Amino acid sequence: MKFTEEHEWLRPEDDLIVVGITEHAAEQLGDIVFVELPEVGTEVSKDDEVVVIESVKAASDILAPIDGEIVEVNEPLVEDPGKVGEDPTGEAWFFKIKPADPSQMDDYMDEAAYLAYIG
Amino acid sequence: MAEPADDDLKDLPLAGLHAELGGKMVPFAGYSMPVQYAAGVMKEHLHTRSAAGLFDVSHMGQVILKGADPETLALAFESLTPAAVLGLKEGRQRYGLLTNATGGILDDLMFANRGDHLFVVVNAACKAADIAHMRAGLPGIEVEEITGRCLLALQGPGAEAALAKLAPEVAEMRFMDVGYVTLAGAECWISRSGYTGEDGYEISVPDDAAEALARALLDDESVLPIGLGARDSLRLEAGLCLYGHDIDETTSPVEAALQWSIQKSRRAGGDRAGGFPGAERILAELESGPSRLRVGLSPQGRAPMREGVTLHHGGEEVGHITSGAFGPSVEAPVSMGYLPAALAVPGTEVEGALRGRLAPVTVTGLPFRPANFKR
């Protein structure tokens, strides 16, 4: 599992990457009340805004961590956005992306580096 | 509103208790204030609606006005507010507005008749300006800022039972009654009112007794500490204005749908019609209607539409949202904003600009949730 400075976690699953937000991010955001997911089949570039989440406090964007194609989204989150706060690293993943260039994953932190990053 | 740098922030007298309770502190109106505690905004909101919540609102301004006699004082204060002050019975409180010469709103406040004086509670961000305004505008009236007292609010259907354990007489109070009650060994000034749409009390308590009182209330298992985050979503669902957002120096009381705070005696044809700043505009708007009006707005999707979102109708920008959030009790996004009078009719469909798209919004009556006062 890898981590971005934007507090996303990236978990390889076969030839796909599953993307969600970390416990730390979920805690900072507070209760999540709205999730908007991208359409399956969308081609995205690294740093594109692909998911919008709204907490009780504010709106935030989830960025595409790498170039690729969105091949699956976690549709139940739209009806039950509170899941993001309850199980951010498990059930509440946002989307699965098929990487265009798997080497882009090398840029990201491992768990120890992420834990040091959030201090 | 610009927030001062962190070093200029004032701490609440109960800062230590907030830290112990896990309060997440944020700058608000010059104070370091708890925005939420461990339970989080959503749970705190729902708990206040189902049981009871304790809010520390000690940042607000507490002011005592004294005059030669009650009538002189009441008539003097009426020169600054469109509310009827004369005629408010001793032991009763009323909501009022300070208006400016152009009929805008300088602040909203609560004032109580306590016999030989008026007790006034004003917004934190406005208190210095309000006090200067009252001193300048009320010659012969003593304007005393009360310091050394905290202000706590206990709100929710469980508030009466929780407070009555400490002082049984509070159960007899009705909505907007005020009185003196001994709590935690100190004389407290108490009103049956609040900012959540729920039954409850607001309690002015001397600083040195505030922590003991807060702890005694929190000892009751029905009472949780509640931060500013839930305070905002509670007042929004209740359709209550936040000064500086839903009302300001440009919005008139009639535009803001607060004409209920202007009693008959101050309106055209009343005993003491007019005689307050901006009366010309305000009385004219009461007569022939304002050009724009504050309304409730229900975004049809799940996405909250917050302050600043523009409202559109027939391809034109027609207004904007002044407050918006997700309403935990209505389980949907709720907003307030201003629309031209012709569109400010419940059921009207408009659109809100959200992330570059126009999304449907329905004009609704306020409040979003009926109030639960003990009248």
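**Exercises on two interfaces**

In chain B, the domain assignment, which is automatic or taken from a database, gives domain 1 (1-288) and domain 2 (291-375). This is a predicted model, in which local features need pLDDT of at least 70 and side-chain atom pairs count only at pLDDT 80 or more, while totals for chains, interfaces and linings use all residues. Residues are numbered from 1 along each chain as its sequence is written, chains are lettered from A and ligands numbered from 1 in the order in which they are written, and side-chain values use heavy atoms, with hydrogens and water left out.

**Exercise 1.** Describe how domain 1 of chain B meets domain 2 of chain B.

*Solution.* Begin with the contact (heavy atoms within 4.5 Å), to which domain 1 of chain B gives 32 residues and domain 2 of chain B gives 26 residues. Next, take the buried area (the accessible area, with a 1.4 Å probe, that two parts lose on being put together, summed over both), which is about 2,400 Å² between these domains, with 53% from carbon and sulfur atoms.

**Exercise 2.** Describe how chain A meets chain B.

*Solution.* Start again with the contact, which joins 16 residues of chain A to 12 residues of chain B. The area buried between chain A and chain B is about 1,200 Å², and carbon and sulfur atoms give 49% of this. Then turn to the salt bridges, of which this interface has three; A:Glu54 forms one with B:Arg306, where the closest N and O atoms are 2.6 Å apart.

Technical notes. A salt bridge is a side-chain nitrogen of Lys or Arg within 4 Å of a carboxyl oxygen of Asp or Glu.
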